[in-house]
Amino acid sequence: MAEPDGPDESEPPSPVSPDRDPLLDVLRTKPARSGRTGQRPFGSLGDQIEVEKYDEQLAAKVADLKELFKGTISRDVLDKTRVFPSPAREFRHRAGPLAVRRPCAERQSEGISLELSMWDPVAKEHSLIHPTEVPIFSRPISVAMEVLRTLPIRVDPELGEGGDEQEWTCLDLADASKPTAWGRVIGHGLRSAQFHSTLSNELMVCLAYHDARLQNLKRGQPLPEEDDAAFENSTQGKRWMAAARELRSFLLQAMEAAGVQGAKVDVVGRWKRRRLAVERDFVQEAFKLEDGRTLVYKQPEGQFSNPNLPCEVNCLNWLCLQAKEARKDASASRGRRAGSQLLELHCGGGNNTVALAPYFESVQAVEINRTLAQAAEDNLKSNSITNTTIKRAASDKIDASITAGCDVILVDPPRAGLDAGTRQSVTQFDQILYISCNPLALKGDINHLGEGFEVVALAIFDMFPYTTHAECAVRIRRRRKAQVPRSPGRRKPLLFLLLVIGAVVMFLRRGGRLRCLAA
Ligand SMILES: C[S@@+](CC[C@H](N)C(=O)[O-])C[C@H]1O[C@@H](n2cnc3c(N)ncnc32)[C@H](O)[C@@H]1O
């Protein structure tokens with residue numbers, strides 16, 4: 001879903017109730033808000049989440065999606081759509097970046113020291129996030145959000161409500177008579193916070209900072225206090241690390257108090273071209289697939305990963321089944337070895353790669369983003385995958401040496417769908433697996449393949465509950481020659497050829513008869 005190093009595309013879209021804003025209305029009537037994706041903009045978490053209506057809302061979403069795919073996917077396949085619901089609460093393992101705000105005087109007096117807010121593109125304002133009222137975040141994330149609000153972190157006065165320049169002191173939690181030093185360090189320049197958790201209760205909190213001095217520095221140019229050009233050894237870096245360790249221990253205590261089992265917390269600080277991590281700048285995800293394997297994934301800070309992990313596991317299980325089907329299909333029509341080599345584009349950190357590799361003899365995986373390509377390499381190693389090569393490249397710029405021999409392709413493009421070059425190369429494959437977080441782009445790309453291909457399986461994963469968004473996946477195969485429906489346009493040249501042949505035969509026969517008469 002994410003552009004390389006671009007904005008995080010895994011943000012929660014605006015919650016909507018199905019009767020107010022059905023998908024089709026959004027897709028058909030709203031102008032494209034993010035480039036050519038035609039998608040509704042991602043938005044804030046309001047007060048419209050109705051957990052008790054989850055099933056009803058999902059049913060409406062599925063009906064809308066089936067309606068959308070009518071004419072592109074056969075009736076038979078639509079009827080057999082596999083729908084994978086999400087848990088109705090605590091399903092989101094990513095949140096942010098959420099803007100940090102200084103609370104109004106009234107909230108300060110209630111012990112709130114910072115607020116987290118999100119830009120609401122519908123209301124056109126920042127709306128505050130109260131994780132307890134919006135029960136979609138994983139436990140580690142909601143506990144961390146809640147505790148951050150009350151820790152003595154002193155954010156810059158300019159982040160306050162308009163005109164709220166009032167001074168206030170954040171007192172040390174241990175000694176309520178002393179102002180806290182670590183809270184000042186953590187709060188100084190803090191602009192946003194991002195959260196990333198795992199099913200095994202790991203949590204990474206990433207704090208993004210503004211430092212006016214860095215704006216004008218050239219790449220590689222040090223700050224005055226960076227004696228040996230290393231931020232972590234500068235006074236500022238050391239002070240931040242000490243403060244971040246304090247913060248981490250408060251977060252860990254809060255997890256324990258909330259009964260979050262086996263919690264592990266990391267805190268990362270990010271400035272322009274500078275980054276510090278208390279321990280690690282990634283989380284390690286682990287889960288079990290239906291084929292019995294337990295997979296482990298390193299997910300680097302600030303990079304793409306699917307936000308709804310239960311849905312992600314369903315998606316991987318479905319892909320493994322479809323990989324088997326694609327191979328069976330390919331070998332039935334083209335011989336035993338057909339379908340044994342996979343080309344995967346947009347492999348990211350290797351989520352699908354690691355899951356699918358054992359289902360093929362070899363895999364070539366392509367990713368444009370350097371950090372993700374490296375994470376994919378690491379993930380292959382930690383899962384003992386040896387039949388896969390990762391190539392860092394743009395999907396439309398890969399040469400024949402990579403694609404040679406591959407006859408199954410998997411694509412998982414960003415929200416905009418396939419670019420023109422990749423669309424073209426996909427048509428060379430007999431078996432196509434396509435995962436998409438944008439049904440509209442998926443539909444366009446399937447239609448572009450034309451009549452030579454057919455969708456044979458469709459799955460809907462409810463990756464973004466309470467919104468109009470969903471993740472869809474399809475298996476597409478090239479039709480066998482006899483199955484390709486002839487369009488009237490294609491019949492015309494054939495008809496013409498038959499007429500010409502008929503005329504020539506008639507002419508020859510008449511010529512022969514004349515010669516006979518002359519003899
Ligand atoms: C929706 S994500 C999927 C990532 C991965 N398959 C996963 O499940 O984690 C799309 C991925 O495509 C990558 N990407 C975007 N444009 C690309 C391009 N032109 N060529 C190759 N990869 C690209 C992004 O960096 C991102 O990792």
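Ala, Val, Leu, Ile, Met, Phe, Trp, Tyr, Cys and Pro are classed here as nonpolar, Asp, Glu, Lys and Arg as charged, and the others, Gly among them, as polar. The views show a predicted model, in which local features need pLDDT of at least 70 and side-chain atom pairs count only at pLDDT 80 or more, while totals for chains, interfaces and linings use all residues. Residue numbers start from 1 along each chain as its sequence is written.

**View 1. The shell around the ligand.** By class, this shell holds 12 nonpolar, 9 polar and 3 charged residues. Of the 24 residues around the ligand, the nearest are His346, Gly348, Ile368, Ser395 and Asp412 (a residue is near a molecule or strand if its C-beta atom, placed from the backbone, lies within 6 Å of it). At least two residues of the shell come from helix 10 (351-356), and at least two from strand 12 (362-367). Helices (H or I, at least four residues) and strands (E, at least two) are DSSP runs, numbered from the N terminus.

**View 2. Glu367 and Asp412, the "binding site" positions in UniProt.** The feature comes from an unreviewed UniProt entry; UniProt positions are given in the numbering used here, feature names are shortened, and annotations may be inferred rather than shown by experiment. The two positions span 46 residues in sequence, yet no two of their C-alpha atoms are more than 10.5 Å apart, so they gather at one spot. Glutamate 367 is in strand 12, whereas aspartate 412 lies in the loop between strand 14 (408-411) and helix 13 (420-426). Glutamate 367 is buried because it has 28 C-beta neighbours inside 10 Å, and aspartate 412 is buried with 23 other C-beta atoms within 10 Å. Buried stands for 20 or more other C-beta atoms within 10 Å of a residue's own, exposed for 12 or fewer, and partly exposed for values in between, with C-beta atoms placed from the backbone.

**View 3. Contacts of Glu367 and Asp412.** Residues up to four places away in sequence are left out for glutamate 367 and for aspartate 412. Glutamate 367 touches His346, Cys347, Gly348, Leu372, Ala373, Ala376, Ile390 and Arg392 (contact: C-beta atoms, placed from the backbone, within 7 Å). Aspartate 412 touches His346, Asn352 and Ile435.

**View 4. Cys437, the "active site" position in UniProt.** This annotation, too, comes from an unreviewed entry. Cysteine 437 sits in the loop between strand 15 (431-436) and helix 14 (439-449). Its count of 26 other C-beta atoms within 10 Å makes cysteine 437 buried.

**View 5. Strands 2, 5 and 6.** Strand 2 (residues 94-101) pairs with strand 5 (residues 190-197) in the antiparallel sense over 4 bridges (two strands pair if DSSP finds at least two bridges between them). Strand 5 is joined in turn to strand 6 (residues 202-209) by 7 bridges, and these two also run antiparallel. Phenylalanine 195 of strand 5 stands opposite alanine 95, and its bridge partner in strand 6 is valine 205.

**View 6. The hairpin turn at Asn201.** Strand 5 and strand 6 form a hairpin with 4 residues between them. Asparagine 201, in the loop between these strands, has phi near 70°, a positive value in a residue other than glycine. Asparagine 201 is partly exposed, with 17 other C-beta atoms within 10 Å.

**View 7. Tyr466, a second residue with positive phi.** Phi of tyrosine 466, a residue other than glycine, is near 65°. Tyrosine 466 lies in the loop between strand 16 (453-461) and strand 17 (471-478). With 28 other C-beta atoms within 10 Å, tyrosine 466 is buried.

**View 8. Helix 5, residues 139-150.** The 12 residues of helix 5 should span 16 Å at 1.5 Å a residue, and its end C-alpha atoms are 17 Å apart, which agrees; the expected span is 1.5 Å times one less than the number of residues. Buried residues in helix 5 are Pro140, Ile141, Ser142, Val143, Ala144, Met145, Leu148 and Arg149.

**View 9. The whole protein, for context.** The secondary structure comes to 15 helices and 17 strands. Of the 519 residues in the protein, 43% are buried. Among contacts with a separation of 6 or more, 68% are between residues 24 or more positions apart.

Terms used:
Contact = placed C-beta atoms within 7 Å.
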